[in-house]
Amino acid sequence: MRIERRSKIRQSGAALLLMMLVVIVGAATILVTKLGSNLLRATESAKTQMALSTARDALLDFAVSFPDATPGAPVQLPCPDIDNTGSTLDGESHTLNCGAAGETVIGRLPWRTLGIPAQSDGAGECLWYAVSGEYKSANTISSMINPDSNGQLQLVQSESTQIIEGGTADDRAVAIVFAPRRAMQGQTRQAVSQPGQQCSDDFLASAFLDSDAGTGVSNSF
């Protein structure tokens, strides 16, 4: 009986040890998964910030050099890339199709016109870009444009509609660059279909930029 009892004790101890190992391995797996997920988010965030910084610097360079490239012209910013039709290339500014005079326009960042590689965020999506109508470099320039013209864009808190930046005309942004990140619920995006093309065939802003159904605040307008 002693031998049988010792055998049962050993079996019970072995089972407990096995259970402890399972728990430890399980906990370690969860921890590693969480660390991996955090690292992925940090890596994506860093890539996004780098792309946004590159885009901002390129837009500033374009604006500063524009009067030199076009004598007599004020500081201007390029129109966005708004579709993949016509004679314009992927990432090229649509100067001849950029809305009415004074109209703010949204589309993809015109990376080719800016002289930089295509800029994508951590999720691999090309950056989007909105430019105030008074500052866009197009064939329909407002007669009011001058170096002191105000921007036309506001930053708004989506849930409360509180204005974060741009409460007064002097504080309004001249342009905004967007990182779409991963598609949200209800967003469907087309993939790249043409060889050598850098960005999606889809130019529907609402498929890439978010909105708040409760307040009606939308980045796609």
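Here is a short briefing on the chain, its sheet, its salt bridges and its pockets.

This is a predicted model, in which local features need pLDDT of at least 70 and side-chain atom pairs count only at pLDDT 80 or more, while totals for chains, interfaces and linings use all residues. Residues are numbered from 1 along each chain as its sequence is written, and side-chain values use heavy atoms, with hydrogens and water left out.

**The chain as a whole**

- The protein chain contains 2 helices and 7 strands; helices (H or I, at least four residues) and strands (E, at least two) are DSSP runs, numbered from the N terminus.
- Reading from the N terminus, the elements come in the order α-β-β-α-β-β-β-β-β.
- Of the 221 residues in the protein chain, 33% are buried. Buried means under 20% relative accessible area, exposed means over 50%, and partly exposed lies in between (1.4 Å probe, protein chains only).

**The sheet**

- An open sheet is built from 3 strands in the order β2-β3-β7, with antiparallel pairing. Two strands pair if DSSP finds at least two bridges between them.
- β2 (105-108) and β7 (175-178) are at the edges and have a single partner strand each, so one side of each has no neighbour in the sheet.
- On average, neighbouring strands of this sheet are turned by 15° against each other, direction ignored. For such angles, axes are lines fitted to C-alpha atoms, for helices over the stretch in contact, and angles run from 0 to 180 degrees between N-to-C directions.
- As a general point, strands of a sheet pair through backbone hydrogen bonds, either parallel or antiparallel.
- β2 and β3 run antiparallel and are joined by 4 bridges; for G107, the bridge partner in β3 is Y129.
- β3 (residues 128-131) and β7 also run antiparallel, joined by 4 bridges. In β7, A130 has I176 as its bridge partner, and V131 has A175.
- Which way do the side chains of β3 point? W128 and A130 point one way, Y129 and V131 point the other way, and all are buried.
- In a regular strand, the side chains alternate between the two faces of the sheet.

**Salt bridges**

- How many salt bridges does the structure hold? There are 3, where a salt bridge is a side-chain nitrogen of Lys or Arg within 4 Å of a carboxyl oxygen of Asp or Glu.
- E44 and R181 form a salt bridge through their side chains, at 3.9 Å from N to O. E44 belongs to helix α1 (residues 2-69) and R181 to the segment after β7, so this pair ties together parts 137 residues apart in sequence.
- E44 also forms a salt bridge with R182, where the closest N and O atoms are 2.2 Å apart. Because R182 lies in the segment after β7 and E44 in helix α1, the pair ties together parts that are 138 residues apart in sequence.
- Together, E44, R181 and R182 are linked in a network of salt bridges.
- D57 is partly exposed at 35%, and R56 is partly exposed at 46%.

**Pockets**

- The largest pocket has a volume of about 550 Å³. On a 1 Å grid over the protein atoms alone, a pocket is an open set of points where a 1.4 Å probe fits, with protein on both sides within 12 Å along at least five of seven lines, and lining residues have an atom within 4 Å of a point.
- A volume is the space filled by probe spheres set on the points, and grid points are joined across faces, edges and corners.
- The lining of the largest pocket divides into 12 nonpolar, 7 polar and 2 charged residues. Ala, Val, Leu, Ile, Met, Phe, Trp, Tyr, Cys and Pro count as nonpolar, Asp, Glu, Lys and Arg as charged, and the others, Gly among them, as polar.
- β2, β5 (155-156) and β7 each give at least two residues to the lining of the largest pocket.
- The second largest pocket holds about 310 Å³ of space, and its lining includes L52, R56, Y135 and I176.
- α1 contributes the most to the lining of the second largest pocket, with 5 residues.
- By class, the lining of the second largest pocket has 11 nonpolar residues, no polar ones and 1 charged.
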